[in-house]
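Keep the structure open while you read.

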Amino acid sequence: MFERFTKDARDVVRGAAEHAERAGAPAVDAEHLLLALLDRGPGRVSFALAALGVTGREDSVRDALDEARRRAGLSRADADALAGLGIDVSEIVSRVEEVHGVGAMSGGRAGRGRPSGRRPFGRGAKDVIEKSLRMALARKERHIGAEHLLLALTVRADVVAEVLADHGVTHASLTRVLGGGAGEGRDGRGTAKAG
């Protein structure tokens with residue numbers, strides 16, 4: 001499938017692997033793909049993120065991902081459901097961090113014997129890549145671009161999609177900004193080219 005990836009999408013995947021490596025994560029996951037997308041220079045993704053008001057707020061997205069990681073990847077909906085059962089996730093995180101240090105529930109393995117080098121793709125990243133192919137096919141586009149990876153991130157029921165939605169990036173808003181599909185005859189911003 002990677003042969004269908006544009007150079008930009010391949011760069012995103014490489015960037016995600018670098019984010020995973022720097023974080024000491026055991027695998028590349030969906031959040032690493034989002035972080036790599038936030039790093040992108042000019043292109044359809046940066047245009048879409050700017051149009052949706054994310055440009056200039058990337059640190060807020062990163063902070064929200066960090067906070068979710070501290071909760072062991074639980075979404076706010078998960079935390080609210082547990083609260084309904086009388087379980088205070090914030091209290092549990094605080095107690096664990098008192099004993100084991102800040103970020104103890106994040107699942108990172110920095111310094112725990114993980115050799116540097118290639119990280120495998122986690123279930124979340126694999127799901128995003130699979131969904132990006134479906135997004136491209138649904139839009140009748142021949143190649144998988146970085147924008148398809150971003151679209152795929154918005155349709156998952158996880159913390160990354162929640163963070164994106166909290167910052168105004170939903171599947172509907174992103175589709176509206178990128179256009180409905182059929183990439184033929186479109187410029188780099190997703191608008192029709194003058195003929």
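## The core

First, bear in mind that this is a predicted model. Its largest nonpolar core takes in 43 residues. Those with the most contacts inside that core are Leu-34, Leu-37, Leu-149, Leu-150, Leu-153 and Leu-174.

Which elements give two or more residues to this core? They are helix 1, helix 2, helix 3, helix 4, helix 7, helix 8, helix 9 and helix 10. Helix 2 gives the most, with seven residues.

## Helix 8, an enclosed helix

Helix 8 covers residues 146-154, and nine of its nine residues are buried, so the rest of the structure largely encloses this helix. The buried set is Ala-146, Glu-147, His-148, Leu-149, Leu-150, Leu-151, Ala-152, Leu-153 and Thr-154. Packing against them are helix 1 (7-23), helix 2, helix 3 (44-51), helix 7 (123-138), helix 9 (159-166) and helix 10 (171-178).

Not counting residues up to four places away in sequence, Leu-153 touches Ala-30, Leu-33, Leu-34, Leu-37, Val-128, Val-160, Ala-161 and Leu-164.

## Helix 2 against helix 8

Now for the pair itself. Helix 2 and helix 8 pack at an angle of about 135°, and their axes are 10 Å apart. That angle makes helix 2 oblique to helix 8. The crossing of helix 2 and helix 8 is left-handed.

From helix 2 come Ala-30, Leu-33, Leu-34 and Leu-37, which meet Ala-146, Leu-149, Leu-150 and Leu-153 of helix 8. Sorted by class, this contact of helix 2 with helix 8 has eight nonpolar, no polar and no charged residues. As for the spacing you see along a helix, an α-helix has 3.6 residues a turn, so residues three or four places apart point the same way.

## Helix 2 against helix 4

Helix 2 (residues 30-38) also packs with helix 4 (residues 58-70). The axes of helix 2 and helix 4 come within 11 Å and cross at roughly 165°. Angles over 145 degrees count as roughly antiparallel, so that is how helix 2 runs relative to helix 4. The crossing of helix 2 and helix 4 is left-handed.

The residues making the contact are Glu-31, Leu-34, Leu-35 and Leu-38 of helix 2, with Glu-58, Val-61, Arg-62, Leu-65 and Arg-69 of helix 4. How do the residues of the contact of helix 2 with helix 4 divide, and how many are charged? There are five nonpolar, no polar and four charged residues in this contact.

Glu-31 sits in helix 2 and deserves a look of its own. With a relative accessible area of 18%, Glu-31 counts as buried, because the cut-off for that is under 20%. Leaving aside its neighbours within four places in sequence, Glu-31 is in contact with Leu-65, Arg-69 and Val-160.

## Helix 9 and its cover

Six of the eight residues of helix 9 are buried, so helix 9 is largely enclosed by the rest of the structure. The buried ones are Val-159, Val-160, Ala-161, Glu-162, Val-163 and Leu-164. Their cover includes helix 2, helix 4, helix 5 (76-84) and helix 8.

Take helix 4 as one example. Helix 4 and helix 9 pack at about 145°, with their axes 10 Å apart, and the crossing of this pair is right-handed. On the helix 4 side, Val-61, Ala-64, Leu-65 and Ala-68 meet Val-159, Val-160 and Val-163 of helix 9. The residues of this contact of helix 4 with helix 9 divide into seven nonpolar, no polar and no charged.

## Two exposed residues

Is Lys-140 buried or exposed? At 65% relative accessibility, Lys-140 counts as exposed. Lys-140 lies in the loop between helix 7 and helix 8. Although Lys-140 is not a glycine, it has a positive phi of about 60°.

Arg-123 belongs to helix 7 and is exposed too, at 75% relative accessibility. The C-alpha atoms of Arg-123 and Asp-29 are separated by 7.1 Å, and these two residues are 94 residues apart along the chain.

How values were computed
Residues are numbered from 1 along each chain as its sequence is written. This is a predicted model: local features need pLDDT of at least 70, side-chain atom pairs count only at pLDDT 80 or more; totals for chains, interfaces and linings use all residues. Side-chain values use heavy atoms; hydrogens and water are left out. Helices (H or I, at least four residues) and strands (E, at least two) are DSSP runs, numbered from the N terminus. Buried means under 20% relative accessible area, exposed over 50%, partly exposed in between (1.4 Å probe, protein chains only). Contact means heavy atoms within 4.5 Å. Axes are lines fitted to C-alpha atoms, for helices over the stretch in contact, and angles run from 0 to 180 degrees between N-to-C directions. Angles under 35 degrees count as roughly parallel, over 145 as roughly antiparallel, 65 to 115 as roughly perpendicular and the rest as oblique. A crossing is left-handed if the near helix is turned anticlockwise from the far one by less than a right angle, and right-handed if clockwise. Ala, Val, Leu, Ile, Met, Phe, Trp, Tyr, Cys and Pro count as nonpolar, Asp, Glu, Lys and Arg as charged, and the others, Gly among them, as polar. A nonpolar core is a set of buried Ala, Val, Leu, Ile, Met, Phe, Trp, Tyr and Cys residues joined through side-chain atoms within 4.5 Å.
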